[in-house]
Amino acid sequence: MIRVMNEKDYEEVYRLWKRIEGFGMKKVDDSKEYVERFLKRNPTTSMVAVYDDKIVGSILCGHDGRVASFYHVCVDKHYRRRGIGRAMVVKAMEALKVEDITKVILLAYVRNDGGNAFWNGIGWTKREDLNCYDFILNTENIVAFNNEEE
């Protein structure tokens with residue numbers, strides 16, 4: 001079952017994120033406070049996949065009124081290759097259409113082979129005409145990758 005993510009899901013979703021090999025997380029942005037703030041700003045567009053009363057996938061999705069962004073799209077490794085990721089993407093995009101959003105972007109780490117294969121496999125286009133820049137306002141908010149050897 002795919003459903004809208006809510007604030008009560010945070011702890012279980014966070015544990016899922018911690019289990020994903022090579023998953024990049026930020027101390028501030030991925031804290032309970034910041035994720036709850038994100039969900040309040042975007043109450044209908046983030047999704048979780050539930051199987052046997054357990055969250056096995058998640059996607060954070062928000063927009064600025066024009067363009068949406070996907071963050072932390074993941075599925076527990078034991079539940080992959082069942083269409084769960086695709087179903088979450090479709091459900092989030094349906095919610096965005098209701099809000100008259102016409103474009104979705106996402107960032108995938110170059111080293112995320114599985115994620116990049118997924119996005120290419122479901123028809124997303126890798127942009128070659130743009131450079132991505134960021135500026136860190138809070139030095140505590142640096143990306144840390146989950147242990148890839150676990």
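Let's start with a word we'll need: a residue is buried when its relative accessible area is under 20%, exposed when it is over 50%, and partly exposed in between, using a 1.4 Å probe and protein chains only. Histidine 72 is buried, with a relative accessible area of 17%.

Now, some background. This is a predicted model, where local features need pLDDT of at least 70 and side-chain atom pairs count only at pLDDT 80 or more, while totals for chains, interfaces and linings use all residues. Residues are numbered from 1 along each chain as its sequence is written, and side-chain values use heavy atoms, with hydrogens and water left out.

Helices (H or I, at least four residues) and strands (E, at least two) are DSSP runs, numbered from the N terminus. Two strands pair if DSSP finds at least two bridges between them.

On to the sheet. It is open, has five strands in the order E1-E3-E4-E5-E6, and its pairing is mixed. Which strands sit at the edges? They are strand E1 (2–4) and strand E6 (103–106), and each pairs on one side only. Look next at strand E3 (residues 47–51) and strand E4 (residues 54–63): they run antiparallel, joined by five bridges. Within that pair, valine 48 stands opposite serine 58 in E4.

Next, the core. A nonpolar core is a set of buried Ala, Val, Leu, Ile, Met, Phe, Trp, Tyr and Cys residues joined through side-chain atoms within 4.5 Å. The largest one here has 17 residues, and Ile59, Cys61, Phe70, Ile84, Ala92 and Leu96 touch the most other members. E3, E4, E5 and helix H3 (84–98) are the elements giving two or more residues to this core. H3 gives the most, with six residues. There is also a second, separate core of 16 residues, including Met5 and Leu16.

Most residues other than glycine have a negative phi. Aspartate 52 has a positive phi of about 50 degrees although it is not a glycine, and histidine 72 likewise has a positive phi of about 50 degrees. Where do we find them? Aspartate 52 lies in the loop between E3 and E4, whereas histidine 72 lies in strand E5. Aspartate 52 is exposed, at 67% relative accessible area, but histidine 72 is buried.

Last stop: valine 28, in the loop between strand E2 (24–26) and helix H2 (32–41). Valine 28 counts as buried because its relative accessibility is 14%. Valine 28 and glutamate 140 are 112 residues apart in sequence, yet 7.0 Å apart in space, C-alpha to C-alpha.
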